[in-house]
Amino acid sequence: MQLLDVPQLTADEILARVLHRDGLMLIIDKPAGLPVHRGPKGGANLEDSFDALRFGLPRPPVLAHRLDKDTSGCLVLGRHRKATASLGLLFKHGKIGKTYWTVAEGGPTEDEGTIDMPLGRLNAERGWWQKPDPDGQKAITNWKVMGRGDGFTWLAMEPVTGRTHQLRVHSAESGWPIFGDNIYGNGPRFGEPRLHLHSREIVVPISRNKEPVRVVAPAPPHMHEKLRACGWNGE
C-alpha cells in the first residue's frame, strides 16, 4: 500500500475542484496520488466520484483524456457522448494546448528548447513504462525555464505529442529528471517527495465560432516549497 494514496473524493470535494463548466465539458483540478480509473484491485479513483458532476444531466461525465496517478491539475471531462467524441478528436489531432509545470533536479543549461525523442515501450511486463526508441512513436516536447534555485529548475513543458510518460522520460533522458519521479528519476518508491508534475494550463477550442476555453489549475501544495525556491510568486 502506497503511503501517499489519496482517499476517495466526496461529492463536495470533487465539486470544489471544478475549474470550468459549460454545456459540453468540465475541467477539473485532479489531485496528485489518485488514479483516474478504477484499477483491477479496486481502490479509490476519480471516476467513482463523477456522479456528483452531472449538474442535471442524466449521465455522469466521462474522461476525455488521462493523467497519470501522480500528476495533478487540469483534466477534461466530456458531459455527453457527442461532446466526448469531439474532445477525443481534438486531443488525438493535437489541437488542445497543454502546459505542464515541473520541477526538475538540476536543469538544462539553456533557457528554452525542444526535445525530439521517439519513445517505445520498455518491455511487455511494464506495460506503461517507456524508453527512448529510434523506431518508436514520435514524441516532441517544447520547454522553457521559468525559474531556478537551490539545484532545481522550474519548467513549463508543452507536449506537442501525447505519449505515455512523455515529459517524465524526456526530462530524465535529458539529464534533469522530474523531482519525485520514482520510475524515471530518483524519487522514492513510497512516501515523499511526490512527483512534481502538474497540468497547469489547458486550452480547448471546443466551439468553432468562439474563443478557445483557457483554464489554469492552481499549483498543488506539494510543489509549493520547490517552486518558491525557484522564484515562484505564489500565483
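Biologist: Buried means under 20% relative accessible area, exposed over 50%, and partly exposed anything in between (1.4 Å probe, protein chains only). Which one is arginine 54?

Modeller: Arginine 54 is partly exposed, at 30% relative accessible area. This is a predicted model, where local features need pLDDT of at least 70, side-chain atom pairs count only at pLDDT 80 or more, and totals for chains, interfaces and linings use all residues. Residues are numbered from 1 along each chain as its sequence is written, and side-chain values use heavy atoms, with hydrogens and water left out.

Biologist: What does arginine 54 form a salt bridge with?

Modeller: Its partner is aspartate 51, with the closest N and O atoms 3.2 Å apart. A salt bridge here is a side-chain nitrogen of Lys or Arg within 4 Å of a carboxyl oxygen of Asp or Glu. Aspartate 51 is partly exposed as well, at 47%.

Biologist: How many salt bridges does that rule give?

Modeller: Seven. One of them joins arginine 168 to aspartate 181, at 2.9 Å between the closest N and O atoms. Arginine 168 sits in helix α3 (residues 166–173) and aspartate 181 in the loop between α3 and β11 (197–204), 13 residues apart. Helices (H or I, at least four residues) and strands (E, at least two) are DSSP runs, numbered from the N terminus.

Biologist: Are those two buried or exposed?

Modeller: Arginine 168 and aspartate 181 are both buried. They also belong to a network of salt bridges with Asp68.

Biologist: New topic. How many residues are in the largest nonpolar core?

Modeller: It has 27 residues, and Leu75 is among those with the most contacts inside it. A core is a set of buried Ala, Val, Leu, Ile, Met, Phe, Trp, Tyr and Cys residues joined through side-chain atoms within 4.5 Å. Elements giving two or more residues to this core include β2 (25–30) and β4 (72–78). A second, separate core has 15 residues, including Leu90.

Biologist: And α2, which residues there are buried?

Modeller: Ala83, Thr84, Leu87, Leu90 and Phe91. Down the axis of α2 they fall within an arc of 120 degrees (taken from the directions from the axis to the C-beta atoms), so they line one face of the helix.

Biologist: What is on the face turned away from that buried side?

Modeller: The exposed residues Arg81, Lys82 and Lys92. On the buried side, the cover includes β2, β3, β4, β5 and β11.

Biologist: Which residue follows α2?

Modeller: Glycine 94 follows, with a positive phi near 70 degrees.

Methods:
Contact = heavy atoms within 4.5 Å.
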